[in-house]
Amino acid sequence: MKVLSRINSQSTFITSLLSILLGMLIGAIMMVVAGYDPIAAYNALFVSALVQPYDLGETLRTITPLILTGLAVALAFRTGLFNIGVEGQFIVGQLVAIIVGLKLNLPPVLHAVVAVIAGGLAGAVWGLVPGLLKATRGVHEVIISIMMNFIALYLSNALVFHWMSNGADSTPKIMDSASLRIDAVSQMFGGARLHFGLILAILAAFVMYVLVWRTRLGYELRAVGHNPLAAEYAGMSVKRNIILSMMFSGTFAGLAGAGEALGTSGYLAIQPAFTGIGFDGIAVALLGASTPLGVVLASVLFGILTYGGGNMQFEAGVPFEVIRVVFAAIILFVAANVTGRLLGKFSRNKGGDKRA
Amino acid sequence: MLDTLTNILSTTVIYATPLILAGMGGLYSERSGVVNIGLEGLMTIGAFTAVVSTLTTGSPWLGLLFAVLAGVLLALPHAVASITFKADQVVSGVAINFLALGLSVYLVKHLYDGAGQTPVVENKLNAIAIPFLSDIPVIGPSLFKALPTTYIAILVVLISYYLLTRTTFGMRLRAVGEHPHAAETAGVSVVKMRYVAVLISGALAALGGAGLSIAIGSEFNQGTVAGQGFIALAALIFGKWRPFGVLGAATFFGFAVALTLTGQLFNVTKYVPSEVLSMLPYVLTILALAGFVGRAEAPAAVGKPYEKGSR
């Protein structure tokens with residue numbers, strides 16, 4: 001727990017920015033070694049992600065779930081918990097939202113609202129399991145979360161295949177009444193799949209800010225993250241806060257899944273592997289120093305890199321996966337506070353290292 | 001009936017092998033006090049390197065060797081970040097997984113003209129029959145006509161058991177994972193022991209990955225490892241961080257795979273969807289951890305960076 005809260009306090013805007021630059025430099029080196037032109041590649045990436053209205057809309061669509069999964073990881077980080085189960089919570093969010101969208105018959109708007117809430121609740125339940133086991137049996141949340149990810153994946157595939165698709169690879173489209181698409185907005189962006197989930201994601205960032213920094217409950221969540229013993233001594237229930245934190249975190253993840261299912265795709269397919277959106281949330285939260293604003297900014301960056309990276313492959317011929325390496329490098333640099341150390345080396349002559 | 005039994009047993013052994021190797025890798029790292037979520041990535045880089053170097057050198061044995069080297073190399077950033085820089089070990093492991101999958105698929109596309117998978121390895125590692133023993137019915141064909149990686153995995157378990165329980169090295173390794181400060185006081189370098197353990201874990205996990213790509217399969221793509229590293233982690237926990245425990249748990253998980261694959265023969269999948277069988281290892285691990293299938297106790301100092309002089 002100590003290490004996690006240290007990451008939050010170490011990361012400043014400058015060190016994050018430097019980590020990004022270093023990460024992209026590593027990517028550039030990989031391109032040069034393999035004989036590609038990194039400047040042309042990065043140029044193609046940013047241009048193709050941002051210039052055309054359609055691409056801009058798709059970039060915003062890519063950013064949407066990243067904000068929510070990033071918030072999910074960040075909220076748990078604040079309580080000293082590592083919710084690596086965001087991926088699974090995302091999957092059950094998708095699953096339950098699709099079930100509601102397919103099987104319930106409700107009027108427009110209300111249908112979408114119910115489906116989104118159901119997705120969020122499903123995520124909360126999936127987060128509850130590791131939270132409960134951590135609080136009552138002292139089992140590390142990471143291990144249970146990883147197991148819950150796989151259970152979610154197989155559960156989703158089983159239900160899609162045996163119940164909702166009549167043996168096909170994916171479910172039919174959800175009813176229009178449950179869709180999060182806004183046709184007028186979509187047309188403004190040349191038919192891009194961006195949807196109401198983006199507004200939901202930004203609202204969620206506000207909710208997290210208010211919850212964590214402006215309420216008594218949030219104070220307790222952070223206190224438990226800083227020092228569980230002191231929090232317990234001050235009369236707070238560490239167990240209760242752990243459970244709540246995992247449930248809130250799961251809710252954000254479930255909402256991300258619901259948004260993807262009801263807004264982006266409109267159906268659910270059998271997934272041979274994880275979507276990765278939940279795992280990307282870890283990178284987003286780390287880079288964003290687990291603050292709502294940081295998460296939104298980091299999502300914008302990772303969204304651009306992810307969507308633009310796909311186009312980079314077409315336009316500059318550089319395999320998309322170099323972007324995954326850039327993500328990995330950024331995570332490692334932030335986690336090990338590499339840039340903070342570098343900056344410390346430069347400024348040591350003036351101020352001196354207090355720990356030394 | 002006897003054929004079905006032989007079939008199930010040998011499938012179990014085949015699918016248990018990579019889990020045993022990667023699980024043993026995790027065991028070294030975690031017994032020394034370093035969590036290794038990166039097993040998945042280490043297996044991935046092993047699987048990738050094994051195929052590419054077998055294709056290049058023409059020898060699958062060199063493929064295994066290079067896979068081990070690649071595993072050690074990729075474990076190094078995890079060691080540096082989590083031991084020297086005292087980063088969060090789980091975060092660092094997650095980064096290793098990102099790095100391995102990204103790097104290997106990037107290189108596959110680069111080396112093979114944008115293809116999503118490598119060409120097929122023609123001379124993959126084949127089963128080696130041990131004379132006489134392989135003639136025993138049922139267990140003969142499954143245990144004594146096995147892939148080379150299976151023999152290696154069993155050797156690794158036996159040697160590790162001996163190393164951990166009977167040698168000074170093993171005692172030090174465990175001490176560093178349970179009471180690092182006491183170990184340091186007794187003159188053991190916590191940092192050095194943990195580095196060695198994490199690098200061994202990279203070597204073994206990569207070996208497990210190589211088994212997937214040049215012994216069981218014969219190519220590498222994005223889905224070659226597909227979560228086996230996480231099942232290996234589950235086997236490590238289910239096996240209570242002990243060599244024979246890992247062997248047993250990995251074998252059991254291999255059996256679950258064998259059931260899904262041979263399920264049609266038994267009509268099992270008629271009554272139980274194969275997805276439910278695939279879920280089994282994970283559900284059981286959760287039950288084990290929750291204390292319903294015997295308590296699983298992690299090494300005391302696992303996950304905690306070692307700070308000299310602090311308590």
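This is a predicted model: local features need pLDDT of at least 70, side-chain atom pairs count only at pLDDT 80 or more; totals for chains, interfaces and linings use all residues.
I then looked up residues 84-102 of chain A, where the span is 89% helix and 0% strand and the end C-alpha atoms lie 29 Å apart.

**Chain A as a whole**

I next noted the secondary structure of chain A, which comes to 16 helices and zero strands. Its radius of gyration is 21 Å, close to the 21 Å that the globule rule gives for 356 residues, so I wrote down that chain A is as compact as a globular protein of that length. Along the principal axes, I read that the C-alpha trace of chain A spans about 65 × 60 × 35 Å. I also looked up burial, and 56% of the 356 residues of chain A count as buried. When I took the contacts in chain A between residues at least 6 apart in sequence, 80% of them join residues at least 24 apart.

**A loop residue, Ala289(A)**

I found Ala289(A) in the loop between helix H13 (277-287) and helix H14 (292-316) of chain A. Is Ala289(A) buried or exposed? I counted Ala289(A) as buried because 23 other C-beta atoms lie within 10 Å, and the cut-off for burial is 20 or more. I also checked Ala289(A) against Phe77(A), which is 212 residues away along the chain, and their C-alpha atoms are separated by 9.5 Å.

**The core and the contact with chain B**

I looked up the largest nonpolar core, which has 221 residues, and Ile331(A) is among those with the most contacts inside it, as are Leu71(A), Ala206(B) and Ala235(B). Leaving out residues up to four places away in sequence, I listed what Ile331(A) touches: Ala283(A) and Leu286(A) in chain A, and Val91(B), Val94(B), Ala95(B) and Phe98(B) in chain B.

I then turned to the contact between the chains, which takes 37 residues from chain A and 39 residues from chain B. On the side of chain A that touches chain B, the elements giving two or more residues are helix H1 (2-10), helix H6 (110-137), helix H7 (141-164), H13 and helix H15 (322-335). Of these I marked H7(A), which gives the most, with 11 residues. Sorted by residue type, I recorded this side of chain A as 31 nonpolar, three polar and three charged residues.

Technical notes: Residues are numbered from 1 along each chain as its sequence is written. Chains are lettered from A and ligands numbered from 1 in the order in which they are written. Helices (H or I, at least four residues) and strands (E, at least two) are DSSP runs, numbered from the N terminus. The radius of gyration is taken over C-alpha atoms; the globule rule is 2.2 Å times the number of residues to the power 0.38. A residue is buried if 20 or more other C-beta atoms lie within 10 Å of its own, exposed if 12 or fewer, and partly exposed in between; C-beta atoms are placed from the backbone. Two residues are in contact if their C-beta atoms, placed from the backbone, lie within 7 Å. A nonpolar core is a set of buried Ala, Val, Leu, Ile, Met, Phe, Trp, Tyr and Cys residues joined through C-beta atoms within 7 Å. Ala, Val, Leu, Ile, Met, Phe, Trp, Tyr, Cys and Pro count as nonpolar, Asp, Glu, Lys and Arg as charged, and the others, Gly among them, as polar.
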